[in-house]
Amino acid sequence: MTKLRIAHAPFYRSACTIPQRSLWIIGAALLALVPGIMIYGMPALAVTAFSVSTAMAWEFLFCYIIGRRNTVSDYNSALIGLLLAMVLPATSPWWVVLTGTFLCVILGKMIYGGMGGNPFCPVALGMAVLLVSWPDYLDFDMAYRNMVADFDLMAPLALVKYFGSDLAGNYAVSDLLMGRQAGGIGTVCGIGLLAGGILLMARGIIQWAISLSFLVGVAVTAFLFQLASPGDYAGPMFHLLTGYTLFGAFFLATEDSSSPVNTLAMVVYGLGGGVLTVLIRNRGVYVDGVIFAVLIMNLASPLLDRIRPKALGA
Amino acid sequence: MINNLFFGSSALRLNYTKLDESQPGPVTIPLPEKVSLLAGCTPVQAGLVAKKKTLLKKGAQVRTGQRLRMFEQDDLFILSTVTGTVTGVGLYTGPLGRKLVRVTVAPLEEEVLDDSLFEPGNLDRETSHKFISQLPGRLRLLPVRGDLPPINELVICGGEKDLSVISNQYAMKHERELMVSGIDLLKKLSRAAKVTVAVPGSLDACGKGLGDGVFTVSEQYPSASPRLIAKKILGRAVPAATPLTREGLAFVSAETAAALGRISRKEQGIFDKTLSVVLKSGTTILVKVRIGTPIRHILSIFNEKLTDGDYLIAGGPLTGVAIHDPDYTVSPYMDAILVSAGEDILGNSDYGCINCGKCLRVCPASIPVNLLVRHLTRRNYVQASDHFNLDSCLECGLCTYICVSKIPILQRIKLGKMKLRAMKQELIEEGAA
């Protein structure tokens, strides 16, 4: 007698899987990371390689210790490692990277049961802990003090924050777009980030509602601040192209499990993140506010997701 | 497995399979040596069958369309789809473990239509439903009980239940005359004031003149679902827990209307079901086959061999049921038979929901699927129903189709609904006791 196989409907399924999704985001991130590595050279490559490998190692180790099926092959930890490397300065010491990937992968993701369970964006969480723990190593002016480059290695956001908005004029938009500024390895090349973000939005992997409203939030708030006091605060273009703004809008705020899923909720979430970013930059103690803004909006995400359309016949 | 298009938003669009005019007409499958008629039964009825206490006995002569009454105690009847000799009455375990009564009949060459077929006018509403539900066709939502409100509007569905299926479109296109007579008969049976024909845009012309109005359904799956049509017709959504018939709406598929037309014109072929057969090679063949024919018989006509590990799917690819037995027979609502070696069928993964949100963007009922599936996985069925719209689900399968984590969402939804029904039944029984 023939033994037929039994399964449950639907028998047609979309071919998109978790590894594929992770690889697409990695590919999009590389568009910004590769120019960054070309700008900062070997140290940047070393940080990236170490970050990706240790992130995968942490996940492997964690799965091994708690006796769970190994999930390294879904490339999500590789993605987390890659994204962490992108926000770190090229000169980060190895132990900062090692701690960072531990925080991101274990504290940010694995202890909640793996992908989909984490209430915070893992990279933002890990980076936030690093930022408050070793501010000196993550301050770009400190990190790049011994580095030589053919462009100004003063971090734009710090310069403007401490010395007034006149200095924003030192940075041409084209320079900022091409990555000729001090910043994280993968967050300086605006063109690469924009290309990666547009690619992911077109593929439907990240949601335009989050990314665009985040950028709008940043631009509008920066514009209002500039309107109030042009001498103290830089304009929207400067805020959009410096620091982690583009990276945050396309890669941090859009992290699946920590962001809302309904369109209106996503818009509110993105706008909130954008507004908080500029608030922290202009009025807070930290030079860049993206990491903290994303974390705060992550907190609000379950609440925001209650803004949802009425179900059929409900 | 369907590869996504490059652009994410267009990957969410699945269109119904259209009737291809260039394809040859349906292949008529000759009658098999043995026809099996199946009917769902209660545990009590199953007990009676096991003890051989049925009214119908082996050796009885039956005519096509004859009502085979099974038990003294109740009025369960099976319509015989052939003329011949009963060779056995027994129990059969169908898909999903359902207990069924099986009557096997050896058909004769010469076919005699039973007289009772032509007197459906004197049916009450309850038996007319039982009668119509044994005619070919997928969607039949007629009021079952007499205490329900009268039918205001009868909707004839020219759209399909699933992809790969063209049974109703075939009836709309090629059996129009029969449908006209069938709709007349249905009007008399249901006493509906108005008849609307719901058809996909490409068949608009065929729908004209059949009823009082034509309602165009989009080509996009699952817009031909009765609840979505009801929402458009009534201008408001019918509450999820309310049957559509309570709102005065009755849905009958075009194929059923055509079968009723055959009855009113006393034509042969009342129990011939039009269905699509998709073979392993991917070719689709439209066939006309008598209800009760074993699937094995149909496949043997096309020289399709089943081997270990194959899938045999009754119904379309998104809502069908996997069959464990090639001897399972064609039922009145089996619109397609899919045979697959399984290379294309992606299994489930053990990942949890990653909250990507694709499911709720594709859901036609706007259910928060990402939250619902978490509760269903943890078996919080009551909460799933109270706060996360479990009852609103149309069971179209799109969320499961699109799921990145490959979670069996549809299966969990169906399980959740089943468990809730069982819980309610228990409460009722407790209350009665």
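Domain bounds here come from an automatic or database domain assignment. The model is a predicted one, in which local features need pLDDT of at least 70 and side-chain atom pairs count only at pLDDT 80 or more, while totals for chains, interfaces and linings use all residues. Residues are numbered from 1 along each chain as its sequence is written, chains are lettered from A and ligands numbered from 1 in the order in which they are written, and side-chain values use heavy atoms, with hydrogens and water left out.

**Exercise 1. Describe how domain 1 of chain B meets domain 3 of chain B.**

Step 1: Locate the parts. Chain B is divided into domain 1 (14–22 + 115–345), domain 2 (35–114) and domain 3 (358–432), and the centres of domain 1 and domain 3 of chain B, taken over C-alpha atoms, lie 26 Å apart.

Step 2: Find the contact and its area. With contact meaning heavy atoms within 4.5 Å, 9 residues of domain 1 of chain B touch 10 residues of domain 3 of chain B. Buried area is the accessible area (1.4 Å probe) that two parts lose on being put together, summed over both; for this pair it is about 790 Å², 72% of it on carbon and sulfur atoms. On the domain 1 side, B:L14, B:A240 and B:L318 lose the most area, together 42% of what that side buries.

Step 3: A salt bridge, which is a side-chain nitrogen of Lys or Arg within 4 Å of a carboxyl oxygen of Asp or Glu, is found 0 times between domain 1 and domain 3 of chain B.

**Exercise 2. Characterise the interface between domain 1 and domain 2 of chain A.**

Step 1: Domain 1 of chain A covers 18–136 and domain 2 of chain A covers 153–304, with 21 Å between their centres, taken over C-alpha atoms.

Step 2: Describe the buried surface. The contact joins 37 residues of domain 1 of chain A to 35 residues of domain 2 of chain A, and the area buried between these domains is about 2,800 Å², of which carbon and sulfur atoms give 73%. A:R21, A:W24 and A:Y40 supply 20% of the area that domain 1 of chain A buries here, more than any other three residues.

Step 3: Identify the charged pair. The count between domain 1 and domain 2 of chain A is 1 salt bridge, and A:R21 forms a salt bridge with A:D256, the closest N and O atoms being 3.0 Å apart.
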